[in-house]
Amino acid sequence: MHKQSLLAQYQDALQELLSSGLTHDEILEALRTDSRFKSYDEYIKQFDPDMVAVACELMGKWAKHKEI
Amino acid sequence: MSNSKKPKLGLSLMPTDDFRQATDELFQSNKVNALEWSFDLPLNGVAVEPWCSELLNKYSEANALTGHGVNLSPLSAQFSERQEAWLAYTQQEFKSRKYVHASEHFGFSEAGPIAHGAPLAVPMNAESLHIGKEMLKRYTDATQCTVGLENLAFAFGLEDVKRQGDFIDQLITAVDGFLLLDLHNIYCQVANFGVPELELLNSYPLSKVRELHLSGGSWSASVSGSRAAVRRDTHDDGVPQEVFNLAALAPKLCPNIEFVILERLGNTMTDPESQQEFREDFETIEEILEFSYA
């Protein structure tokens, strides 16, 4: 099976979390504790809770889910 | 003062009745010198009525039609079948109508369970850079014209704000492309992150700006309480004074602007007052350009 790049895993996880209904705090915690994204630690550490909340809103308003 | 040629002032076409009502007077008086079209809207089921097609064909023939993609998701890590189909559609559209250039939004939306949506910031690393360059090459191949990227309003944090300009520069340089500088997006980042506007503007490759966008937006509550409110690029209100101020500044900093486009989402100006406000915003930009390029 084709192994996903780290960036692809990160983007998948982020979109999964933002569309999950979790709170911004829960999303931040999930990203910060996911061992796969250790090399993104510094990047994720600077995430602003307000902006994660906005991203969740954007997801609710504009996201079109993939057809299963 | 700028010594450059005055850019064409235009509108982002919305295939909605309120847009038609608000802009009829502007089109009739030949004030609209350019038209921007989000050519991938029909892929989302948006119907293009005959009055829209007539405008598109008219501006295309006048060499004043610009294309603005919404759903490519140029920085998605995985190249999908949906993106492949999007590019094939785009290729056909750009064969059927002549566009001056084509732009897209910096960022990604397709990943995990999401097919497309609002663009989000990416980690600005070597992998994102490689993926973005490859996608811009595909976009250039499909459109057979110069392509560009629009700066993003959204940022997860200050690093996204500070590094976006240089990263976009590296991406567009790979295809000899251009920067679509959205002034409301700049305003959002200034308002949300407290970055000085001149410092932020100067972090972008300003000589590569071929197009400006102006729009309005709205404020959301701050969940963290760390700021009074969060500025959002919602395109559902009039242009704020701060964005007009940036429009007056831009010609001094960006010597190669060819198009200035006013944007507002369809169905957000259904009453006569907001339609009048839209026309007044257009006329204010017109006055700024007259003064700046006198």
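Reader: What covers the buried residues of α1(A)?

Author: This is a predicted model, where local features need pLDDT of at least 70, side-chain atom pairs count only at pLDDT 80 or more, and totals for chains, interfaces and linings use all residues. Residues are numbered from 1 along each chain as written, and chains are lettered from A in the order written. Contact means C-beta atoms, placed from the backbone, within 7 Å. The cover includes α2 (24–33) and α4 (49–62) of chain A, together with β5 (114–116) and α4 (126–143) of chain B.

Reader: Which residues of α1(A) are buried?

Author: Buried means 20 or more other C-beta atoms within 10 Å of the residue's own. Helices are DSSP runs of H or I, at least four residues; strands are E runs of at least two. The buried residues of α1(A) are A:L7, A:Y10, A:Q11, A:L14, A:Q15, A:L17 and A:L18.

Reader: Why are they on the same side of α1(A)?

Author: The arc is taken from the directions from the helix axis to the C-beta atoms. They sit on the same side because their arc is only 160°.

Reader: Which residue stands opposite B:E150 in β7(B)?

Author: Strands pair if DSSP finds at least two bridges between them. β6(B) (residues 147–150) and β7(B) (residues 178–182) pair in the parallel sense over three bridges. Opposite B:E150 stands B:L180.

Conventions: Buried ≥ 20, exposed ≤ 12 C-beta atoms within 10 Å, placed from the backbone. Contact = placed C-beta atoms within 7 Å.
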